[in-house]
Structures are given as C-alpha cells and as structure tokens.
Amino acid sequence: MACLGVFVAYLPVTTVSVSLPALQRVLGASTSQLSWVSDAFVLPMAALILTTGVWGDVHGRKRVFQAGMAFCALGAAVSLTADSVQSLWVGQAASGLGAAALLPTTLALISHAVPDHRERGRFIGLWAMSMLASLAMGPLIAGLLQQHVAVRWIFLLPIPVSLVVLVVAAFLLPDSRAPHGRRLDWPGQISAAVTVTAVVYGVIEGGADGFGTPSVVAALVIGAVSAVAFVLVERRSDSPMLDLALFRSPAFAATSLVAMISFLGLIGFFFVLSLYFGLVQHLSTWEAGLRMVLVSGTSLVAGVPVGRLMHRVSPRVMITTGLVVMAGSLLSLTGVDAATSYGSLAWRLVLLGLGIGAVLTPMTASAVSSVPHHLAGMAAAGNNAFRQLGGALGPAVLGTLLTTRALDALPGRLTDAGVPTETGGHVLAVAREQGLGAVAGLDLGPATRPALSALSGSFLDGLQLCLVVSASLALLAALACAVLLRPAAPAAPGRRGAGAPAPRTAAGPVLVTAGSASTQGPQRTP
C-alpha cells in the first residue's frame, strides 16, 4: 500500500512536466502561468506535508492515507475536465494536497510495520523505487495518451488507481499512531504555509514582472518574516509540528539540506528540459517522453544495487558521489543544441539518472533511520517537506532564470538572424507578454524561419544558465553532505560503560543530542 501510495503521489510530476508545451498550446498559457501548473501541485505538498504527518500521528495513518488517495483522485478528475489554466491549477492543487498526505504517511506506515532499522532500510528502498517507477512511467504514459487521444487524458490514470487502492486499503491496511501524545500545531502550520507560498509566489512573479514591483517585494518580506515566526513558534511549542531538536542529528540535518538543494535543481531541470524538447527540438510528447524516461528509468534500475550496498557503503560516500555525478552530467548538457541527436543526449541523461539513483534511497533512509521509530513520522514529513520546498522552488527559480536570460538574448539573436527590426519588435513583445512558447505559433511570413531560429538560440542561452545553476546546486549539496553527514563520535566510556560501542543505524549516524549519542530522540530543554 505504501509503494502504491507514493506511485500515485508522484505520477503527476513527470506526466505534467513532459506535457507542458502541449498544455501551453491548448490552454494558451504564458511561461509564468505554466510555472504555476507545476507549482500548484508542489506548493500544497510542501506547505502541508508536515501537518499531514502530524494528522497521521494523532488521528491514525490509515485515515490520512485514504484521504490522500481520495484527494489524488479528485484532483485528477478536476484537471481532466479543466478548460482553462486556472481550472488546471485547482486540480493540481488538490492532487498536491493528496500527495502531501501520502508521502509522510507511507514512510511512517513502513516504520511502524518494520521497527528493525536494518530491515526497514530494505523496505524504504522499495518505497524509493516505487517513486522512481512513477517518474519513469509518467513520460511514456503522457506520450502514448497524447499520441492517440489528447493531452488532457494524462490525468486519467490516477483516478482508477486511487479509487482501487482506497478500497483495498480499507480492508488490508493496518492502522497506526504515534505512541506518544501529539496535537496539531496550528501556529507552526500557518507560518510554514505562509512562508512557502509567499517565497514561491515572489520568485515566480518576480521573474515575470520584476523583483522591484511592490507585490513581489511584499511577498518576499512576508516570506522572510513568517520563516522567522515559524522558528520562534516551534521553539516554544509543547507539541511542535517539526521539533527543531531533530536538527541536532547530523544525518537528519544533512539529508534535509541535500534534499532541498538537489530537488530544487532536479525538478527545475525537468521543467526546462521539457520546454527544450518542445520549443527547440520540436519533438512530440512521446519522443520527449522517450528521452526523459532515460533519467528516471536509469534511476529506477540503479536503485536495486544501491539498496543492496546501503549496509556496506557509507551513505555519506554514496550520496556525495551521486551528487557529483549529477553535477557532471548537468554540465555536460550545456553542449546540447537544436541538432543534438538522441544518442548524444542519451548518455548524458543516463549519467544523470545514475547520480539520482545513488542519492535518493540512502538520503531517505538516513533521514528516517537517524531517529527512533516513534519519531519516524515527523522525520519523514520533515525530510519530505524540505524536498518538496526545493521542488516547488525549482520551476520557479529556473523558470525565472530561463525566461530572463532568453529575453535578454532574444533581441541580439533576432538581429543576427536577419529578422527586420519591426518584425523583431513584434516577436519580442509577444515573448514578453505571452511567453516564449507563443512565439512558436506566430506566422511572420518569410521571417518565420529566422525568427524561430533566433528563439531557439535565445532559449539555449537560458538553458545553459539553468544547467550551470543546477550543477552548482548539486555540488553545493555534495559539499554539505561531505561536511555534515559524518558518523557519530563514540560516547565517553563513563557515559555508556567501558568498551560499550556507540549505537549506529544502518543508514547513517544516530541522533546526537546535547553532545552525546542517543537513540531516544530529541530531548527538549525545559
């Protein structure tokens, strides 16, 4: 049930990403509106994932799991029948809420069912492979449906799968709750949701209208203030949504930071890659899916040996190596252009998939195994929240960089291509007001071909900037992992008895509190 839940939760990520050019044409959306199609899904997931984790701890994880499946089905149904980009945002938001309920709940269910941390690591590996399987199948499902039906049918599959799993879970899924009393932390939830929403809104709208506009400045200020408020509230709360003492665990702190940074670059990369396939290489959704599946498919295959190596190789080594491989593959992609062949692109995407496969499973297992199993729900929710925060910022940040750089380069590219000044001004106005994709549909007579060539060139300028930024983020995450994800130092003999070894988990160092090794979880200071 946990594997099916995470499969449904992540299915919209790549099915929608690979379909963005087609959705833009059908709905007439601008580039900033297109960014909100992805972020309308990721934002609720990032903002509410901590709350749903607490709801599962308090009211029962089975109920939250079933609610998540129901929201996934509802969101897919709304998206399937959407006739405007605004309606699609609503459907994506409902699906994102369902995913927010599923991600921490599924990991907590596994932790409850498998309390032994060594055995638990194997099941978390299967959970991570299910996520990768969803990411791998998404582009192919989207390509097949668009090739034979229509783009809106990409939202069909989650509906029957969610409903079937919802019914089966009622009979087969055991329920569980946190053994220690918890209650909802509304001040923390509100401040967290405001922080995430304000920051992502500010980044997206700043890229479209400029970061000096009053609404954007206000959003970023509100985000910063609410972030400070969240920290203050959680420090004083008797039942915090995210106990800040969790960050005393080097493993939890490192994996949360790595999750946020790496997913910012990764999800943002998928966003700009899908636009590259549509606007520059003019590929169909099926052809784009065959290329994007190289990343997630390779990650899925790589997850099998990675899961077996988790008990033999340090997670610090595995995650750092995977991030360096990801950075190298992203930098190698800066050499692509409109004429890059499938074979030349394939090895770069396969290399990226190998890096992701080496990072995802040990990163998740380290975060969950670094705390006692009764805190696994909070740890899982916290790690997923940072991951989804990075995923929400990814399309916003890289979409902004792509648009800004491409628009800056477009006038020069139009001049170099020999496009008349008046026609070039019209193209630039359309690109700024309606998005880069709108230029591809213009009929400019004899100037159409050189204008499209200029559009491709300016897009590649923006793509190269995005790839360099994504690679830099991966290297930054690798550095954070190498510095923070260290084995815990053995406790002093007087604390644990002479010769007593410090406890360790299979997937990473134990939780360290107040300077000593402990397996009892975060200790709050009165």
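I'll start with the lining of the second largest cavity, whose residues divide into 9 nonpolar, 4 polar and no charged. For classes, Ala, Val, Leu, Ile, Met, Phe, Trp, Tyr, Cys and Pro count as nonpolar, Asp, Glu, Lys and Arg as charged, and the others, Gly among them, as polar. A cavity is a set of points on a 1 Å grid over the protein atoms alone where a 1.4 Å probe fits but cannot get out; a pocket is an open set with protein on both sides within 12 Å along at least five of seven lines; lining residues have an atom within 4 Å of a point.

This is a predicted model, in which local features need pLDDT of at least 70 and side-chain atom pairs count only at pLDDT 80 or more, while totals for chains, interfaces and linings use all residues. Residues are numbered from 1 along each chain as its sequence is written, and side-chain values use heavy atoms, with hydrogens and water left out.

Back to that second largest cavity. It holds about 130 Å³ of space, a volume being the space filled by probe spheres set on grid points joined across faces, edges and corners. There are 13 lining residues, and V13, S17, S38, V42 and I267 are the closest to the centre. Two or more lining residues come from each of α1, α3, α10 and α14. Helices here are DSSP runs of H or I, at least four residues, strands are runs of E, at least two, and numbering is from the N terminus.

How many cavities of 30 Å³ or more does a search of the whole structure find? There are 8. Of its 18 lining residues, L135, F263, L266, I356 and L360 lie closest to the centre. The elements giving two or more residues to this lining are α1 (2-17), α6 (117-148), α10, α11 (285-309) and α13 (342-369). Helix α10 gives the most, 5 residues. By class, the lining of the largest cavity counts 15 nonpolar, 3 polar and no charged residues.

Next, the largest pocket, with a volume of about 360 Å³. Among its 17 lining residues, those closest to the centre are A192, T195, F230, F386 and L389. Helices α3 (31-59), α8 (186-209), α9 (214-236) and α14 (376-416) each supply at least two residues of the pocket lining. That lining has 15 nonpolar and 2 polar residues, and no charged ones.

Now the packing. The protein has 18 helices and 2 strands. Of its 526 residues, 58% are buried, meaning under 20% relative accessible area, against over 50% for exposed and in between for partly exposed (1.4 Å probe, protein chains only). Taking contacts (heavy atoms within 4.5 Å) between residues at least 6 apart in sequence, 81% join residues at least 24 apart.

S470 sits in helix α17 (residues 448-484). It is buried, with a relative accessible area of 2%. Beyond neighbours within four places in sequence, S470 is in contact with G265, F269, L330 and L398. S87, in helix α5 (residues 85-113), is partly exposed at a relative accessible area of 25%. Not counting residues up to four places away, S87 touches V78 and A82. Its C-alpha atom is 10.0 Å from that of V37, 50 residues away along the chain.

Backbone next. In helix α2 (residues 20-27), L20, P21, A22, L23 and Q24 are buried, and just after α2, G28 has a positive phi of about 65 degrees. Most residues other than glycine have a negative phi. H282, in the loop between α10 and α11, has a positive phi near 55 degrees.

Last, confidence. The average pLDDT, the predictor's confidence in each residue from 0 to 100, is 78 for the protein, and 85% of the residues score at least 70. Residues 489-526 are below 50, and that stretch has 81 contacts in the model beyond near neighbours in sequence. Where pLDDT is low, the predicted coordinates should not be read in detail.
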